[in-house]
Amino acid sequence: MLALNLAWRQLRSLWASGEVRVLFLALVLAVAATTTVGLFTDRVASALVREGGLLLGGDMVVQADHPLPAQFVEAAEQQRLHTAQTMEFPSMVSDGEQSQLAEIKAVSDSFPLRGELTIAAAPATSGIAARSVPQPGSVWLEPRLAGLLALAVGDHVQLGESKLRVAALLQQEPSRGGDMFSYAPRLMMNLADVEATGLVQYGSRVRYQLLLAAGSGPLADYKAWAEARLGDGEKLMDVSTARPEMRSALDKSSQFLGLAAMVAVLLAMVAMYLASLPYVQNSFDSYAMMRCLGASRALMLKVLLYQALLLAALGALLGAAIGYVAQSGLSMLAGRLFAEALPAAAWTPLLLGCLAGLLILLAVLWPQLLRLAQVPALRILRRDLEHSPSEGKRWLQRLSLLPALLVMALLLLWQSGDWKLGGAMLVALCGLLAVTTGLARLGSSMLQRLPGSHSGWRLGLAGLRRRPWLAAAQVSALSLGLMALLLLALIRSDLLNNWQQSLPADAPNRFMINIQPDQLDAIQQRLHQAGLQDTQLFPMVRGRLTAVNGEPVLVDNYTDDRARRLAEREFNLSWAADMQADNQLLQGRWWTASQHGQPLVSLEQDLATALGLKVGDRLRYDIAGSPLELTVSSIRKVEWDSMRANFFAVTPPGVLDGFDASYISSFHLPIGNDTLINSLVKAMPNLTVLDIAAIMQQVRGVMARMTHAVEYVFAFSLLAGIAVLYAALAATRAERTREMTLLRVLGARSRQLYQAVFTEFAVIGLLAALVAVLVANLLAYYVSVQVLGIVYAFNLRFSLLLLMLAALLVPTAAWFGVRSDLQQPPRHLLQSV
Amino acid sequence: MHKPPAVEALELDKHISSSTATLTILNGLQLRVEQGERLAIIGRSGSGKSTLLALLAGLDLPSTGKVRILGEDIVELDEDGRAAVRGRSMGFVFQSFQLLPSLTALENVMLPLQLTGRRDAAALAQAALAQVGLSARLSHYPRQLSGGEQQRVAIARAFAPQPQILFADEPTGNLDASTGQHIIDLLFQLNEAAGTTLILVTHDMALASRCERILTLQDGQLQQVPQTPARSGR
C-alpha cells in the first residue's frame, strides 16, 4: 500500500512538472494508432470473410472435376452441416435458330447456403429475392444470354436433348466472384434435369461442387477430415481463398496502414525514451532520500513498478478509447468498401493495443527506472554521482535500449505480418543508431580541436562538445523521428502513387478469347474502327508438359500444391518475336530474329520455380496428341496484376505453326460501352468476352479509399513526431537553462546565447536530417521493391525539404524553448538551479 | 549494563582513485561517540567532513576500517541491511532539506515511520509537525513552503521516528542568519528533549560550539578542539 501510494504521489508530482506528460501522451498515441488500425483492419478482414461466404454461396466448398465421392456428402450430413450441390459446365444453348455458348449451373434445392438469388420477370426491372431454385423443367437466364438469343420469360430453350422453359431472368447470384470461368453468360437449372439433357458424359468438362455451411456442427472438424481425404482433381476452398483480387488490394492496403501505424509507434517510443531521461534525472534525489531514510531496494522496485504499471494502464486505456473512436472515423473515410456496412469491431484489437502499450512502456521505461532503483543513498551528499557515468555505465545505458529495440522488432513483425518488412525496419533502426553514434564521436573529436572563443556560434559548438553523448542521443532520436516521417511521406505519395499506377485508368478491362485465325483481320478492323488502337492479339496453343530432360512429369513427383496442379493441367503456350514490354528478363536471353522456328521456350518465373525448371532444361509438351520438344532459353518475370494477357510459356515465331491456335486479346472499354462487344459476339458467336471492368472498378475504389485511410493514420505519426521534437528539446532543457544562466551571470548577452542555441540545434537538426534522408530512402527502396513489389523512384524534393525543415525548425523550436528563461532575471533561475 | 557507543569508527581509511593519482581523504581515523552525546565535526571545505558523515551513516563504504552503530558493524552489512539500520536508528537533517517534492509536509514526515512499518505514522507525524510549529501547514507541498519551513519539516521528519542518532549536515547552510538561528534552537531543543545522540557537521564555529565536544577534521584525522568558554552555557 505504501509503495502504491508513493508511486501514485510521485507520478502526480512529475505530471505537474511536465516530464511525465510527454511520456504519457506518446504512449496514448502509440496505443491509439495500433488500436485504430487493428480495429479497422479486423473489420475489413471479417467483411472479406463474410463477402467470401456470399461469393462461394457457402462457408466452404469441396470441388472436383469428377462426381464427388459419396463419403464427402455422408460425412457432412453426419456432422450436421448444411449442404447443397452444384454442377457447372459450358454448353451451347439454342432457341432453334440461334445458339450461344453459356455457362450452365445446375443446382440442388438447398442452393445457395449463403447469400441469395435475385430474379426478375423482364430485363431492366428491379429484381426480387428468389424463394427457391429453378423448378425441374425450367431454367433461369442471365439477361445478357436472353438478349443474345432474343428470349423472354415463358419461351423455351434447347439444352442438349432437353427443351426447358425460361421461368425468370437471373439478375444476381452468389459465387459469381472473380472466377474467370463464370464469365460466359449464365443459365441456371435444376440439378434433377441434368441427366435428361445428355450433356454430361465421360470426359465432359464439368465442375462438381459440394457447398457447406455450419449447421449445428462446426466446420473446422469437417475441414480437417476432408483435407486428409482429397484425391486428384479434388480441392477444398473456404472464404479465405475467395475474391483474390479484392484480397490482394486489401492486403496491400493493410500493409500500408500497418506501416503507418508502426511509424507512429516507433516515433512514440522515441519520444517516450527521450521523455524518460529528465523524468529519471529529476527523480534521483527523491529515490536517494528514500534510500537514506531506510527504504529497501525491494520497496523501491515496487514503487517503480507500480509507477510504470499505473502509467501504462492509464495510457493504454485512454489510447484504446481514442483508437475506438478514431477507427469509426477511419471506416467512414474508407467508405463503402463492400456492398454492406463493415461488421462491428471485435474486442481483440483493443486488447492487443493495450497489451502493446504495456509492452512498449515497460521496454522503454523499465531499464531507465532500474537506474533509479540502483541510486546510491550517497547521492544525497554527492549530486555528481549520476551526472558523469563511467565508460562501463555508458555501455550499460546503451544496452538498456535493447529491450526497446526488441519490442520494436516484435511490433513491426506483428503489424506488418511480414518478417522481411519487420526485419528491414529493424536493420534500418540499428543502422541509424550506429551512424548517428559514429557521427557524434567523430564530431566531438573534431570539435575538441576548435579554438575557444566567445562568439555565439562557437559557444553553441562548445555546447555540443561538452555534451557529446547527449547530443548523440538527440541526433539519434531526431533522425529516427525524421526518418519515420520521411518514410511515411514517401509511402504516402510515391508508394501509393506507384501502387495506383500499377493499375492505370486505361488498364485492359475486357478479355476476348477463343478468336479463330480466320477472324483475326475482321476483329482487328472492328476494334480499330471503335477507336481501340494498337490492340494486340496473342496466339494461344494448349499443351501439357509431359517430360523434363527425358524424365516423365508425374503429379506424385511434386509435393507443392501449385506444382501438382501445374503438372496435371494443360496450360497456354504462345509465341512472340519480342518480349512484352511489362515482362522482365531474369535469366538467359531473348531470341533474335534469326532464331525463328528454333525449338526454344521462355518460362514465367513462378512456374519455373514451382516445377524446378531452369535455363537449358529440355521440356516435352503434348499438344493435341503430338509431342513437341523445347529447350528453356530464358526465365521471365510477369506482372500478372497489369491485367494484360500474359503466358507461362512463350516460343519464337514459327515453332507452333503446325498446331491449331486460337487468339486472345485484352483491351480497355469504358464501363457500359457494350455495343462493340455485343455486335462482335453476334457476328462471331464463338467469341467469349470476359468483362472484368466491374472488378477493376472495385479494386481501384479500394486503392483510392485506402489511400485516404493511410493519410488519416498519418495524423497520429505527425503528432508523435511533434512529441519527439518536444521531448528531444526537453531532455536537455534543465541543463541548458543552468548553463545559460551561469553564462548570463558571467556577462553573456542574450544575442550570443540565442546564437549559441541556434548553432547547436542547427547542427543537431542537420545531422539528424542527413542520416534520416539516407536511411529513409534506403528503407523506402527496400519496402517498395522487395516487400510491396512496386517500382521505386528517388524523391529529391522531399529529401531536400526535410533537410531544410530540420535545419530551421529544430533550432527555432529550441530557441522558443529557452526564450522564456532568457527573459527572466538570472537570480530567479539561480535559485531554482 | 554497559551501553555500546552510539557510533564507533575504527581505523577508518577512505581513498579515491583517479586515473592520475590516489587521493587520501581519511587516514586511520578513530572516533567514539557515546549515546546521548552531542558532537560537532568542523573543518575547512574539502577536508572530508561530508565523506566522514556519509561513512558514519552507512551512506558510503570505507576503503578499510570498521563503522559500528550501537555495536553493530555496518560495513559488514549489505546495502539493504545498512538501509534498515538507518531506518531503525538514524535521522538526518541536510543543508538542502531533501524533502520529497511529491509529498506534502505531513507525508514527508510520515515516510520514515511508514518505512519501518509504524501503524501510527500519521499521528506521530502530526505531533512532530506540531512540535516544530507547522500544524497549519500539514497539507502543503515543499514548493509551497519557505526555506525555513522546509527545514523545520526536515527536522520533524528526523525526530518523528525517535532515532537514537541524528546526523545534521550544515543544517543552516541554505538559510539566512535569523532563520538559521531559529532552526538551530529548535534542533537543539528537540534533541535535548529526546536525548538523541547528535553528530553535527559544519564549518560554523558558533554553531559547533553549542555541542559538548568539537573535533576538527584535518589531514584525514580528527583532533580535539580545546574547551572554550562559549560552550560552557549548555
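Predicted model: local features only at pLDDT ≥ 70, side-chain atom pairs only at ≥ 80, totals over all residues.
Residues are numbered from 1 along each chain as its sequence is written, while chains are lettered from A and ligands numbered from 1 in the order in which they are written. Local features need pLDDT of at least 70 and side-chain atom pairs count only at pLDDT 80 or more, whereas totals for chains, interfaces and linings use all residues.

Strands of a sheet pair through backbone hydrogen bonds, either parallel or antiparallel.

Strand E1 of chain B pairs with strand E2 (residues 22-33) over eight antiparallel bridges, and the two form a hairpin with four residues between them. Within this pairing, Ala9(B) has Leu31(B) of E2(B) as its bridge partner. Towards strand E4 (residues 64-69) of chain B, E1(B) makes five bridges, again in the antiparallel sense; there, Val7(B) is partnered by Ile69(B).

Pro5(B) is found in the segment before strand E1 (7-17) of chain B. Its contacts, leaving aside neighbours within four places in sequence, are Arg32(B), Val33(B), Glu34(B) and Gln35(B), a contact being two residues whose C-beta atoms, placed from the backbone, lie within 7 Å. Although Pro5(B) and Gln35(B) are 30 residues apart in sequence, their C-alpha atoms are 5.7 Å apart. Pro5(B) counts as partly exposed because it has 17 C-beta neighbours inside 10 Å; a residue is buried if 20 or more other C-beta atoms, placed from the backbone, lie within 10 Å of its own, exposed if 12 or fewer, and partly exposed in between.

Another open sheet of chain B holds six strands in the order E6-E7-E8-E3-E9-E10, with mixed pairing. Its edge strands are E6(B) and strand E10 (221-224), each of which pairs on one side only, and the twist averages 20° from one strand to the next. Four bridges join strand E9 (residues 213-218) of chain B to E10(B) in an antiparallel arrangement, with Leu217(B) opposite Leu222(B).

Turning to the interface, 24 residues of chain B are in contact with 19 residues of chain A. Helix H1 (49-56), helix H2 (79-89), strand E6 (90-94) and helix H3 (105-115) of chain B each supply at least two residues to this side, and H2(B) gives the most, with seven. By class, the chain B side has 12 nonpolar, six polar and six charged residues; Ala, Val, Leu, Ile, Met, Phe, Trp, Tyr, Cys and Pro count as nonpolar, Asp, Glu, Lys and Arg as charged, and the others, Gly among them, as polar.

Leu100(B), in the loop between E6 and H3 of chain B, has contacts in both chains: beyond neighbours within four places in sequence, these are Ser286(A), Met289(A), Asn108(B) and Leu111(B). Leu100(B) counts as buried because it has 23 C-beta neighbours inside 10 Å. The C-alpha atoms of Leu100(B) and Leu111(B), 11 residues apart along the chain, are separated by 9.6 Å.

Key: Pairing = 2+ DSSP bridges. Axes fitted to C-alpha atoms, helices over the stretch in contact; angles between N-to-C directions.
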